[in-house]
Amino acid sequence: MAVDNTRSEADRVRIFDTTLRDGEQSPGISLNKQEKLEIAHQLARLGVDIIEAGFPIASPGDFEAVQEIAREVHGPVICGLARTGFQDIDAAWNAIKDSERPRIHTFISTSDIHIEHQLQTTREDVKGQARAAVAHAKQYCDDVEFSPMDATRADLEFTAEVLRIALDEGATTINVPDTVGYSMPDEYAAMWRELYRLVPDLANVVTSVHCHDDLGLAVANSFSGVQAGCRQVECAINGLGERAGNASLEEIVMLLRVREAEHGLWSRVETTEIARTSRLVSRLTGYQVQPNKAIVGRNAFAHESGIHQDGVLKERTTYEIMDATTIGLQSNSIVLGKHSGRHALRKALEELGFTVDGAALNTAFKRFKEIADRKKNVTALDLEAIVSDEMRQSESAFTLQSFDIEAGSDRSPFARVRVELPGGESAEGEFTGDGPVDAFFSAINAATGREARLKEYHVSAVTAGRDALAEVTVLLELDGTTAQGQGVSPDTMEASGRAYLRAITNALADSPVAEAEHHIDAAAKSATP
Ligand code: KIV
Ligand code: ZN
C-alpha cells in the first residue's frame, strides 16, 4: 500500500486479531497446530498488529499451538490469554516467551452478574485479583493487556476503579469488552468518554474495543469506540467468535480505508490479503461465509439487476464503493494444467504465499497431478484448496483408501469402504443406507468402529464449471464431542469421505479422554530430565 505521509501515528488504529482465540471458541471449530500456524502466518502477511494466538491454559494442544506461533511467526505481537490465576498467567507466559514481541492479556469480570453468579465472589476480591494478575504478568513481560469482562453491563464507577488498579500495576493496553453484545453505538462511546473522565491515566496507554455481535452491532460499536478515542480494535476474520461472533476484521479495516477522508483514521493492514485470509479461515474452520456478507461474501461485488449491471459496465463507481482488487479479489491469474511441472507449481504456490519444499512439494505435486488429470485448468483458487486440504492431513488420522457406492432410484443405496487406521493397518466396512451419503458415512463408521452422528453436511464448488473441485464440510458428534472436517476432490463423494474421516479424527483428538491422556503424557515428559 502506498505510504501516505499526511497520516499521523495518533490516528493509527491497531488491529488485534482474535480469530485463533475468541474465533476458535466458536462451536465445532477444532483447528490443529499446523492449521493454526498457517492461519497465523497468513495473519502476519495481512499485516495485523497483534495476533491473539490462543488461551494456553485451556489445553495442551492450545499451549503448543501458541508456543509454535510465538516461535515461528514474525512481525505482529503474539499474545496469550490468561484469567487472573497465576497458573493461567504462567502458562500464557511460557507459551509466548519465545516471541520477539510477547504480550500477556489477562481479564476478570467487573459486572455484578458475573461476580455473583459466575465467579461467586465479591467486588473487593475482583480488585485484588486484578492487581495481583497484572503485577504477576508484569514480572515477565512489559506488554500487558487488561480487560474487565462484561464491562458494558457493569457499574461504571467500579470498572473505573479496577482499571485504575490495572494501570497502577503497569498495564499497557486497556481493553473494555462488550462481552455479550448488549451495547449500542452511542452508549458504548458514552461509556468510553466517561471512563476517560474517571480514569485520566487512560490517556497514557492504548485503549481497546472488543465487541460481540449478538445484536448485529459489533462493528458499529467498535467504530464508535474508535471515534471516542480507542486505538485498538479486537476483531476476527469473517466475524468468528463466541455465539454471534466478534466484530469482523475485514469490515472494520475496510471501513477505516474507504472512509478515511472523512474520519482520518487508518490501519496498517495490507487489504489485498483480505480475500485470501477469509478463504483460508473459512476453509480450515469449516465456517462458511454467508453469500451476502459484507466485503468477503461471494455476492459482495456481484450485480444482479440489469440497471446495476448496466451502470457498473459504464462506470464501476456507479454501484461499487470499493474496488474488488483492493481486497485481493480477481487479482490472480495463475492457471496450471496437466503439463505444468514441479517448478511451475512451486512458483505458483510461492505467489500464493505458500512456501512448499522437499517432501511437502512432492506430496503437493502428486495431488496436483491427480487433479490436473481430471480437471483441465487448475487455478489459484484450486491450488489454495488443494494445499489447505493437504495441510489438514495429520499423521494420526484415519484416511480413505478406496470406496464403492451403488445407488439408483429403484434399490437401496449400498456403500463399501476401505480405511487406513491411525496405526497403519486397513479396515473395511459396508452398509445399506437411506441414501448414498448415509450408506457411505455409515460404512465409514463400521470400518472405523465409531458411532459418529452426522449433524451438518455442506458441499460447495471451489470455482465455477462442471469440472470444479468439490469442497465438503462435515460436522458430526462422536461420544459427546462435536467436531468438523473438510475434504477437497474433483469427486464429491471422495471429498465427503475425506471430510467425514477428518471430522472423526478431530473428534477423537478433542475428546476429554484424549486431553487427559495428553496431560499425563505432558506431565510425564516434563518430569523427565
Ligand atoms: O468477550 C470478552 O469479554 C472476551 C475477553 C476475554 C476479552 O473475549
Ligand atoms: Zn470475546
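I take two strands to pair if DSSP finds at least two bridges between them, and with that in hand I went through this predicted model.

**Entry 1, strands around β8.** I looked up the neighbours of strand β8 (residues 232–235) and found that strand β1 (residues 14–17) runs parallel to β8 and is joined to β8 by four bridges. For Asp17, I noted Cys235 as the bridge partner in β8. Strand β7 (residues 206–211) is also parallel to β8, with three bridges joining the two, and here I found Ser208 opposite Gln232. Which way do the residues of β8 point? Gln232 and Glu234 point one way, Val233 and Cys235 the other way, and all are buried.

**Entry 2, zinc ion.** I then asked which residues coordinate the zinc ion (ligand 2). I found Asp22 (OD), His210 (NE2) and His212 (NE2), at 2.0 to 2.1 Å, and I wrote down the spacing of these donor residues in sequence as D-x187-H-x1-H. His210 has a relative accessible area of 5% and so counts as buried, the cut-off being under 20%; His212, at 4% relative accessibility, is buried too.

I checked how helix α1 (residues 33–46) packs with helix α2 (residues 60–72), and recorded an angle of about 35 degrees with the axes 9 Å apart; the crossing is right-handed. On the α1 side I listed Lys33, Lys36, Leu37, Ala40 and His41 as making the contact, and on the α2 side Asp62, Glu64, Ala65, Glu68, Ile69 and Glu72. Sorted by class, this contact has six charged, four nonpolar and one polar residues.

Methods: Residues numbered from 1 in each chain as written. Chains lettered and ligands numbered in written order. Predicted model: local features only at pLDDT ≥ 70, side-chain atom pairs only at ≥ 80, totals over all residues. Heavy atoms only, no water. Donors = N, O, S within 2.8 Å, 3.2 Å for Na, K, Ca; no water. Buried < 20%, exposed > 50% of the residue type's maximum accessible area, 1.4 Å probe, protein only. Axes fitted to C-alpha atoms, helices over the stretch in contact; angles between N-to-C directions. Left-handed = near helix turned anticlockwise from the far one by under 90°. Contact = heavy atoms within 4.5 Å. Nonpolar A, V, L, I, M, F, W, Y, C, P; charged D, E, K, R; others polar.
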